[in-house]
Amino acid sequence: MISLVNAGKEYKKNHWTLHAVTFMVQRGEMVFLTGPSGAGKTTLLKLISFEERPTSGEAILENYSSRTMKRRDLPHLRRRIGLVFQDFRLLRDRSAYENVAFVLRATGSAKGGLHRRVVRALAAVGLSGRSSALPDELSGGEQQRVAIARAIVNDPFVVLADEPTGNLDEATKREIFQLLRKISQAGTAVLVATHDVGVARELNARTLFLNGGKLIEDRAAPVRASAAVAEEAPAVPLQGVRA
Amino acid sequence: MSTLLFTLREGILNLRRAPLLSLTSIAVMGLSMFVLGIFLLLTVNLRAAIVAVQSQVEIAVFLREDIRDAELKNLDQFLREHPGVMTARFLPRDEALAEFRKELKEKEYLLEALESNPLPDTFEVALYDDWKSTERISLLADQISGMAGVDEVKYGREWVGRLNRIIVAAVLADLFLGAVVAISSLFVVANTVKLTLIARKDMIELMKMVGATAGVIRRPFVIEGILKGVLASLLAGTLLTILTWTLAHRIPEVKPLSISLLFAFILFGAILGGFGSVASLQGYLQRWSRE
């Protein structure tokens, strides 16, 4: 379970990037964060990944709270969060396999067999045959798939994707969103920050609209398309910030 | 794979991943270590010079002609048992004259005018280094002067004082220069390592992102720093050996660095490389822990 409770972020004095945002996301749910540039999407993802702490309110991930969590617990929390970025952030001098394996090696999380887990993660994103390729030998879509494999190899309870299709063409964009959809259906919460409102509608996913640092709408997924998810996700009171 | 194996592997691979950057930083660190080594060589030779000059400091105890056997025995026992006395050689007057004659060589004829031997019986007293300070040598000389049968004690009071002052000044200058060179080397090494860190910023960020602990992030860079430090000090050690060898051909008195000092030098390089990495990484990791 992921929730923000009246979470606000003030970077400069009297300059709030986020204002008292409240919402909750369940396991297995796919949620789109959308809004214009500067709306606060990236800041919101940073609060959820604990890369930043809220200036006011609270961020909660499973048993971790931004109010009570100790710094030494941060690495342990981050092992349960998969991050995907617009620019992929792959190590250019390592193969797809090595980029994915890097996570397990750096965190000492190779229980259950490093090789088996890396191969499974690459298979899950459809890159079994490209494991030895270097990032520069892969297309943009393939690079993003490697980044997604890296994000899921440690079995996270949430995947946070910040504009994951910003550098990709339309067809590849759809493939990536379908892939993220599959990941959420397997039980991992997926939050995607994107400008692309149309995709959220196409995928019948819940969408949070941000503008000027405020959550102006929390549009639930249509019941017909994702009944199971909608049942799990209760309506979140927006405490007066809904437009 | 344990994180320890991961860090070892990453540390070694880091050297190979950017060979040009690695070679440049090893060369810069090596030259910096070479400057430190030259200073070390100067220190070793300064120390050898000080020991050589100090070894010439000794006390000459001239005895009275009418000294009694008991007084001579007493003085001999005092000198042999004194903790500051390394050797006390009794030189009978006849032997002293014979030695003097040898020293004069062809001017020996000067002694022909002498009707009798003017030289007294003498004790030549060599001291341990820690008894060669102005205060201690003067104290010992006064003690000996007060003993029965002693006519005069000579050790070059002014000369010893001046020598000790020169030694203190030389050692202080040496320490000051050493500190300056060591601090400069540390800065050069830390900045060289920082270049490596900037080149690997993406990897550090990625490690933070996926939940590697600060220790796991730090260790590959410390291992890389240590390896670079060892290679740099080996390079500096080789240059120093060539320099010493070349100098020794022109000035035979030049002393080379001992094997144990060369080992200590390499160990120091390793520590410097590792410490440089830790110091440079601190900024990154502190920024991280503030998040």
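1. Let's start with chain B, which has nine helices and four strands. (Helices here are DSSP runs of H or I with at least four residues, strands are runs of E with at least two, and both are numbered from the N terminus.) Along the sequence, the pattern reads α-α-β-α-β-α-β-α-β-α-α-α-α.

2. Some ground rules before going on. This is a predicted model, in which local features need pLDDT of at least 70 and side-chain atom pairs count only at pLDDT 80 or more, while totals for chains, interfaces and linings use all residues. Residues are numbered from 1 along each chain as its sequence is written, and chains are lettered from A and ligands numbered from 1 in the order in which they are written.

3. Now find the sheet in chain B. Its four strands form an open sheet in the order 2-3-1-4, with antiparallel pairing. (Two strands pair if DSSP finds at least two bridges between them.) Strand 2 (85-91) and strand 4 (150-154) of chain B each have a single partner strand, so they stand at the edges with one side left without a neighbour in the sheet. Neighbouring strands are turned by 20 degrees against each other on average, direction ignored. (Axes are lines fitted to C-alpha atoms, for helices over the stretch in contact, and angles between N-to-C directions run from 0 to 180 degrees.)

4. You can trace that sheet pair by pair. Strand 2 and strand 3 of chain B pair in the antiparallel sense over six bridges, and Ala88(B) has Val125(B) in strand 3 as its bridge partner. Strand 1 of chain B is joined to strand 3 of chain B by five bridges, again antiparallel; here Glu58(B) is partnered with Ala126(B). Between strand 1 (residues 58-63) and strand 4 of chain B there are four bridges, and these strands run antiparallel. Look for Val61(B), whose bridge partner in strand 4 is Val153(B).

5. What packs on this sheet? Helix 5 (residues 134-145) of chain B does, touching strand 1, strand 3 (122-127) and strand 4 of chain B, and its direction makes about 170 degrees with that of strand 4. (Contact means that the C-beta atoms of two residues, placed from the backbone, lie within 7 Å.)

6. (Buried means 20 or more other C-beta atoms within 10 Å of the residue's own, exposed means 12 or fewer, and partly exposed is in between, with C-beta atoms placed from the backbone.) As background, an α-helix has 3.6 residues a turn, so residues three or four places apart point the same way. Over the whole of chain B, buried residues make up 26% of the 291 residues.

7. Over to chain A, where six strands make an open sheet in the order 6-7-8-3-9-10, with mixed pairing. Strand 6 (81-85) and strand 10 (214-219) of chain A are the edge strands, each pairing on one side only. From one strand to the next, the twist averages 15 degrees. Strand 3 (residues 30-34) and strand 9 of chain A run parallel and are joined by four bridges; Phe32(A), for example, has Thr207(A) in strand 9 as its bridge partner.

8. Leaving out residues up to four places away in sequence, Leu208(A) touches Phe23(A), Val31(A), Leu33(A), Leu215(A) and Asp218(A).

9. The largest nonpolar core has 80 residues, and Val100(A), Ala149(A), Val159(A), Leu180(A) and Leu191(A) are those with the most contacts inside it. (A nonpolar core is a set of buried Ala, Val, Leu, Ile, Met, Phe, Trp, Tyr and Cys residues joined through C-beta atoms within 7 Å.) Helix 3 (residues 96-107) of chain A gives the largest share, eight residues. A second, separate core of 15 residues includes Met33(B), Leu36(B), Leu240(B) and Leu257(B).

10. Finally, where the chains meet, the contact takes 18 residues from chain A and 17 residues from chain B. On the side of chain A that touches chain B, helix 3 of chain A supplies the largest share, four residues.
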